[in-house]
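This briefing sets out selected features of one protein structure. It begins with a pocket and then turns to the chain as a whole, individual residues and salt bridges.

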Amino acid sequence: MKAPASCYTTALKTLRKLHIYFWRSIIGMNQAATIDNLNILYKSDNYIVVNKHYDIKINSNDDEDRVTVAKQLGKMYPDLVDTSIEHQFRFVHRLDYSTSGAVAVALNRKAAGDAMSKFKKHLVTKEYVALVRGHVKVDHMTITKAICPETKEGFTHMMRIADDDDVKKGGCKVQTAKTELLVLQRGLYGGDPVTKIKLVPFTGRRHQLRVHCNSVGHTILGDYTYSNRTDFKPYRMMLHSHKLVIPLDNENIDIDASDPFVKEVDKKWLPQVQPLL
(Lines give C-alpha, C1' and ligand atoms only; values in the text may rest on other atoms or scores of the structure.)
Protein backbone atom coordinates (compact mmCIF):
# COMPACT_ATOMS: atom_id res chain seq x y z
CA MET A 1 0.00 0.00 0.00
CA LYS A 2 1.41 3.32 -1.07
CA ALA A 3 1.69 6.12 1.45
CA PRO A 4 -0.49 9.19 0.67
CA ALA A 5 1.17 11.96 -1.29
CA SER A 6 0.64 14.26 1.69
CA CYS A 7 2.96 12.05 3.78
CA TYR A 8 5.73 12.45 1.23
CA THR A 9 5.12 16.20 1.15
CA THR A 10 5.29 16.45 4.94
CA ALA A 11 8.46 14.37 5.06
CA LEU A 12 10.05 16.48 2.33
CA LYS A 13 9.23 19.69 4.18
CA THR A 14 10.72 18.30 7.39
CA LEU A 15 13.92 17.25 5.63
CA ARG A 16 14.14 20.64 3.96
CA LYS A 17 13.78 22.44 7.30
CA LEU A 18 16.50 20.28 8.85
CA HIS A 19 18.75 20.93 5.86
CA ILE A 20 18.24 24.68 6.15
CA TYR A 21 18.75 24.55 9.92
CA PHE A 22 22.05 22.71 9.42
CA TRP A 23 23.41 25.28 6.99
CA ARG A 24 22.08 28.41 8.69
CA SER A 25 22.37 27.59 12.39
CA ILE A 26 24.94 24.80 12.75
CA ILE A 27 27.33 25.86 9.98
CA GLY A 28 26.31 29.53 9.69
CA MET A 29 25.82 32.52 11.96
CA ASN A 30 22.04 32.25 12.40
CA GLN A 31 20.99 33.10 15.94
CA ALA A 32 17.33 32.72 16.82
CA ALA A 33 15.55 35.69 18.35
CA THR A 34 14.77 35.39 22.05
CA ILE A 35 12.05 37.00 24.10
CA ASP A 36 14.59 39.35 25.67
CA ASN A 37 16.82 40.49 22.79
CA LEU A 38 14.74 43.43 21.57
CA ASN A 39 16.70 46.48 20.39
CA ILE A 40 14.89 49.79 20.92
CA LEU A 41 15.88 52.55 18.48
CA TYR A 42 13.42 55.25 19.61
CA LYS A 43 10.86 55.74 22.37
CA SER A 44 8.46 58.55 23.23
CA ASP A 45 5.07 58.81 24.90
CA ASN A 46 3.43 57.99 21.57
CA TYR A 47 5.79 55.71 19.63
CA ILE A 48 8.42 53.02 19.85
CA VAL A 49 10.71 52.06 16.98
CA VAL A 50 12.35 48.65 17.29
CA ASN A 51 15.18 47.08 15.36
CA LYS A 52 13.45 43.83 14.39
CA HIS A 53 15.53 40.67 14.42
CA TYR A 54 15.57 38.57 11.24
CA ASP A 55 13.45 35.38 11.14
CA ILE A 56 10.78 36.55 13.57
CA LYS A 57 7.13 37.48 13.05
CA ILE A 58 5.67 40.85 14.01
CA ASN A 59 2.77 39.07 15.71
CA SER A 60 0.96 35.77 15.36
CA ASN A 61 -2.22 33.89 16.23
CA ASP A 62 -0.28 30.63 16.39
CA ASP A 63 0.47 29.57 19.97
CA GLU A 64 3.60 27.78 18.74
CA ASP A 65 5.15 31.15 17.86
CA ARG A 66 6.55 31.78 21.32
CA VAL A 67 8.69 34.72 20.24
CA THR A 68 7.24 37.58 18.20
CA VAL A 69 7.98 41.29 18.24
CA ALA A 70 4.65 41.87 20.02
CA LYS A 71 5.59 39.37 22.73
CA GLN A 72 9.05 40.92 23.08
CA LEU A 73 7.45 44.33 23.60
CA GLY A 74 5.02 42.89 26.12
CA LYS A 75 7.91 41.40 28.09
CA MET A 76 9.94 44.62 28.03
CA TYR A 77 7.03 47.04 28.58
CA PRO A 78 4.20 45.21 30.35
CA ASP A 79 2.66 48.56 31.34
CA LEU A 80 2.19 49.43 27.65
CA VAL A 81 0.24 46.29 26.74
CA ASP A 82 -3.24 47.15 25.44
CA THR A 83 -5.48 44.15 26.05
CA SER A 84 -8.37 45.79 24.17
CA ILE A 85 -6.71 45.17 20.77
CA GLU A 86 -5.51 42.03 19.05
CA HIS A 87 -1.82 41.31 19.65
CA GLN A 88 -1.78 44.12 22.26
CA PHE A 89 0.30 46.63 20.24
CA ARG A 90 -0.46 48.90 17.27
CA PHE A 91 2.08 48.25 14.51
CA VAL A 92 1.72 51.00 11.92
CA HIS A 93 3.55 49.00 9.23
CA ARG A 94 5.12 45.58 8.85
CA LEU A 95 8.25 43.73 7.76
CA ASP A 96 8.45 40.21 6.36
CA TYR A 97 9.42 37.40 8.71
CA SER A 98 12.92 37.19 7.21
CA THR A 99 13.56 40.95 7.02
CA SER A 100 15.26 42.83 9.84
CA GLY A 101 15.32 46.51 10.76
CA ALA A 102 13.25 49.49 11.81
CA VAL A 103 9.56 48.97 12.65
CA ALA A 104 7.34 51.64 14.23
CA VAL A 105 4.75 50.95 16.91
CA ALA A 106 2.11 53.46 18.04
CA LEU A 107 1.24 53.51 21.73
CA ASN A 108 -2.28 54.89 21.44
CA ARG A 109 -5.10 55.18 18.92
CA LYS A 110 -4.46 58.84 18.03
CA ALA A 111 -0.77 58.21 17.40
CA ALA A 112 -1.61 55.19 15.23
CA GLY A 113 -4.02 57.24 13.15
CA ASP A 114 -1.46 59.99 12.59
CA ALA A 115 1.27 57.58 11.54
CA MET A 116 -0.95 55.51 9.28
CA SER A 117 -2.24 58.64 7.56
CA LYS A 118 1.36 59.57 6.69
CA PHE A 119 1.85 56.13 5.13
CA LYS A 120 -1.37 56.47 3.11
CA LYS A 121 -0.29 59.90 1.86
CA HIS A 122 3.14 58.52 0.85
CA LEU A 123 4.93 60.95 3.17
CA VAL A 124 7.03 58.26 4.85
CA THR A 125 10.60 57.55 3.72
CA LYS A 126 11.82 53.97 3.94
CA GLU A 127 15.25 52.83 2.82
CA TYR A 128 16.57 49.28 2.84
CA VAL A 129 20.01 47.78 2.36
CA ALA A 130 20.43 44.36 0.81
CA LEU A 131 22.96 41.97 -0.64
CA VAL A 132 21.87 40.46 -3.96
CA ARG A 133 23.27 37.66 -6.07
CA GLY A 134 25.59 38.67 -8.93
CA HIS A 135 27.14 42.00 -9.84
CA VAL A 136 24.50 44.53 -10.83
CA LYS A 137 25.87 46.16 -13.98
CA VAL A 138 24.22 49.58 -13.74
CA ASP A 139 24.66 51.79 -10.69
CA HIS A 140 21.07 53.02 -10.58
CA MET A 141 17.70 51.82 -11.84
CA THR A 142 14.02 52.36 -11.18
CA ILE A 143 11.84 49.25 -11.33
CA THR A 144 8.18 49.88 -12.11
CA LYS A 145 6.88 46.37 -12.76
CA ALA A 146 3.38 45.67 -11.44
CA ILE A 147 3.02 42.67 -9.16
CA CYS A 148 0.21 40.28 -8.25
CA PRO A 149 -0.34 37.21 -6.07
CA GLU A 150 0.91 33.87 -7.38
CA THR A 151 -2.01 31.52 -8.09
CA LYS A 152 -0.15 28.25 -8.74
CA GLU A 153 -0.88 25.51 -6.24
CA GLY A 154 1.82 25.33 -3.59
CA PHE A 155 3.05 28.87 -4.33
CA THR A 156 0.12 31.03 -3.19
CA HIS A 157 2.24 32.52 -0.38
CA MET A 158 4.32 34.27 -3.05
CA MET A 159 3.92 37.30 -5.31
CA ARG A 160 5.07 37.61 -8.92
CA ILE A 161 5.48 40.11 -11.73
CA ALA A 162 2.14 40.67 -13.46
CA ASP A 163 1.98 39.99 -17.20
CA ASP A 164 -0.30 41.36 -19.93
CA ASP A 165 -2.84 38.58 -19.45
CA ASP A 166 -3.18 39.47 -15.77
CA VAL A 167 -3.99 43.04 -16.72
CA LYS A 168 -6.37 42.14 -19.57
CA LYS A 169 -8.21 39.25 -17.97
CA GLY A 170 -8.18 40.52 -14.41
CA GLY A 171 -7.57 37.02 -13.07
CA CYS A 172 -5.62 38.30 -10.08
CA LYS A 173 -5.27 41.56 -8.19
CA VAL A 174 -2.66 43.54 -10.11
CA GLN A 175 -0.91 46.28 -8.11
CA THR A 176 1.38 48.97 -9.41
CA ALA A 177 4.79 48.94 -7.75
CA LYS A 178 7.85 51.18 -7.89
CA THR A 179 11.31 50.61 -6.42
CA GLU A 180 14.51 52.61 -6.75
CA LEU A 181 17.74 50.60 -6.71
CA LEU A 182 21.16 52.14 -6.07
CA VAL A 183 24.41 50.15 -6.08
CA LEU A 184 26.54 50.76 -2.99
CA GLN A 185 29.31 48.18 -3.36
CA ARG A 186 30.23 45.14 -5.41
CA GLY A 187 32.15 42.25 -3.96
CA LEU A 188 32.10 38.63 -2.91
CA TYR A 189 30.15 36.69 -0.32
CA GLY A 190 31.61 33.31 0.50
CA GLY A 191 33.48 33.52 -2.81
CA ASP A 192 30.36 34.26 -4.89
CA PRO A 193 29.75 37.60 -6.67
CA VAL A 194 27.24 39.79 -4.87
CA THR A 195 26.24 43.45 -4.84
CA LYS A 196 25.29 45.60 -1.90
CA ILE A 197 22.39 47.88 -2.81
CA LYS A 198 20.07 50.48 -1.37
CA LEU A 199 16.38 49.96 -2.10
CA VAL A 200 13.77 52.70 -1.81
CA PRO A 201 10.16 51.53 -2.21
CA PHE A 202 7.68 54.16 -3.39
CA THR A 203 4.83 51.69 -2.92
CA GLY A 204 4.35 49.17 -0.14
CA ARG A 205 3.32 45.94 -1.83
CA ARG A 206 3.77 42.55 -0.23
CA HIS A 207 7.23 41.11 -1.05
CA GLN A 208 7.77 44.05 -3.42
CA LEU A 209 11.53 44.42 -2.95
CA ARG A 210 12.15 40.69 -3.15
CA VAL A 211 10.07 40.28 -6.32
CA HIS A 212 11.55 43.35 -8.01
CA CYS A 213 15.13 42.27 -7.30
CA ASN A 214 14.39 38.79 -8.58
CA SER A 215 12.76 40.25 -11.71
CA VAL A 216 15.99 41.98 -12.77
CA GLY A 217 18.04 38.83 -12.27
CA HIS A 218 19.49 39.62 -8.85
CA THR A 219 17.68 37.67 -6.14
CA ILE A 220 18.32 38.80 -2.58
CA LEU A 221 21.04 36.69 -0.99
CA GLY A 222 19.52 34.00 1.22
CA ASP A 223 15.98 34.47 -0.14
CA TYR A 224 14.90 30.85 -0.03
CA THR A 225 11.41 31.58 -1.35
CA TYR A 226 12.28 33.57 -4.48
CA SER A 227 15.38 31.56 -5.37
CA ASN A 228 13.14 28.58 -6.14
CA ARG A 229 14.05 27.11 -2.74
CA THR A 230 17.76 26.84 -3.50
CA ASP A 231 19.49 29.69 -1.65
CA PHE A 232 19.66 28.37 1.91
CA LYS A 233 23.37 28.46 2.78
CA PRO A 234 23.59 32.12 3.91
CA TYR A 235 22.61 32.33 7.58
CA ARG A 236 19.72 34.71 6.80
CA MET A 237 17.99 36.62 4.02
CA MET A 238 20.08 39.74 3.47
CA LEU A 239 17.40 42.44 3.52
CA HIS A 240 17.34 45.12 6.23
CA SER A 241 15.12 48.15 6.87
CA HIS A 242 17.90 50.66 7.38
CA LYS A 243 16.15 54.03 7.53
CA LEU A 244 12.67 55.14 8.58
CA VAL A 245 11.42 58.74 8.49
CA ILE A 246 7.84 59.58 9.53
CA PRO A 247 6.94 63.32 9.62
CA LEU A 248 4.32 63.19 12.37
CA ASP A 249 2.13 66.05 13.55
CA ASN A 250 3.72 66.40 17.00
CA GLU A 251 7.11 64.74 16.61
CA ASN A 252 9.44 63.58 13.89
CA ILE A 253 10.73 60.03 13.66
CA ASP A 254 14.03 59.87 11.80
CA ILE A 255 15.76 56.60 12.59
CA ASP A 256 18.72 54.64 11.26
CA ALA A 257 18.95 50.94 12.11
CA SER A 258 22.62 49.98 11.94
CA ASP A 259 23.72 48.21 8.76
CA PRO A 260 24.38 44.49 9.43
CA PHE A 261 25.95 43.90 6.01
CA VAL A 262 29.46 45.06 6.79
CA LYS A 263 32.58 42.92 6.91
CA GLU A 264 33.07 43.76 10.60
CA VAL A 265 29.83 41.89 11.31
CA ASP A 266 29.96 39.22 8.60
CA LYS A 267 33.43 38.19 7.48
CA LYS A 268 32.07 36.35 4.45
CA TRP A 269 31.18 39.71 2.89
CA LEU A 270 34.22 41.13 1.06
CA PRO A 271 33.54 44.43 -0.76
CA GLN A 272 35.94 44.92 -3.66
CA VAL A 273 35.29 48.54 -4.54
CA GLN A 274 34.83 51.75 -2.60
CA PRO A 275 31.25 52.74 -1.73
CA LEU A 276 29.62 54.89 -4.38
CA LEU A 277 28.60 58.41 -3.44
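In this predicted model, the second largest pocket has a volume of about 900 Å³. Its lining comprises 30 residues, and those closest to the centre of the pocket are R94, K126, T203, G204 and R205. The elements that contribute two or more residues to this lining are α3 (109-120), β5 (125-133), β10 (192-201) and α5 (208-215).

**Pocket lining**

- By residue class, the lining of the second largest pocket divides into 14 nonpolar, nine polar and seven charged residues.
- Rolling a probe the size of a water molecule over the atoms shows where empty space is left.

**The chain as a whole**

- The protein chain contains five helices and 13 strands.
- Of its 277 residues, 45% count as buried.
- Among contacts in the protein chain with a separation of 6 or more, 65% are accounted for by residues 24 or more positions apart.

- D65 is placed in the loop between β2 (47-52) and α2 (69-76).
- With a relative accessible area of 17%, D65 is buried, because the cut-off for that class is under 20%.
- Apart from neighbours within four places in sequence, D65 is in contact with K57, S60 and K71.
- In α2 itself, the buried residues are V69, A70, Q72, L73 and G74.
- The cover over these buried residues of α2 includes β2, β3 (90-91) and β4 (100-106).

**Residues with positive phi**

- H87 is not a glycine, yet has a positive phi of about 70°.
- The loop between α2 and β3 holds H87, which is partly exposed at a relative accessible area of 21%.
- N228, also not a glycine, has a positive phi of about 60°.
- The loop between α5 and β11 (239-247) is where N228 lies.
- N228 counts as exposed, with 61% relative accessibility, because the cut-off for exposed residues is over 50%.

- Side chains of opposite charge can pair when their charged atoms come close.
- Across the whole structure, a search finds 14 salt bridges.
- One of them joins D96 and R210, with the closest N and O atoms 3.2 Å apart.
- Because D96 lies in the loop between β3 and β4 and R210 lies in helix α5, this pair ties together parts that are 114 residues apart in sequence.
- D96 is partly exposed, with a relative accessible area of 23%, whereas R210 counts as buried at 5% relative accessibility.

**Salt bridges: the D114 and K118 pair**

- The side chains of D114 and K118 meet in a salt bridge with an N to O distance of 2.4 Å.
- Both residues lie in helix α3, where D114 and K118 are four residues apart, about one turn of the helix.
- An α-helix has 3.6 residues a turn, so residues three or four places apart point the same way.
- D114 and K118 are both buried.

- D192 lies in strand β10 and R133 in strand β5, so the pair ties together parts that are 59 residues apart in sequence.
- D192 is partly exposed, with a relative accessible area of 37%.
- R133 is likewise partly exposed, with a relative accessible area of 25%.
- Elsewhere, salt bridges that share partners join D96, R210 and D223 into one network.

Conventions: Residues numbered from 1 in each chain as written. Predicted model: local features only at pLDDT ≥ 70, side-chain atom pairs only at ≥ 80, totals over all residues. Heavy atoms only, no water. Buried < 20%, exposed > 50% of the residue type's maximum accessible area, 1.4 Å probe, protein only. Contact = heavy atoms within 4.5 Å. 1 Å grid on protein atoms, 1.4 Å probe; cavity = no way out; pocket = protein on both sides within 12 Å on 5 of 7 lines; lining within 4 Å. Points joined across faces, edges and corners; volume = space filled by probe spheres on them. Nonpolar A, V, L, I, M, F, W, Y, C, P; charged D, E, K, R; others polar. Salt bridge = Lys/Arg side-chain N within 4 Å of Asp/Glu carboxyl O.
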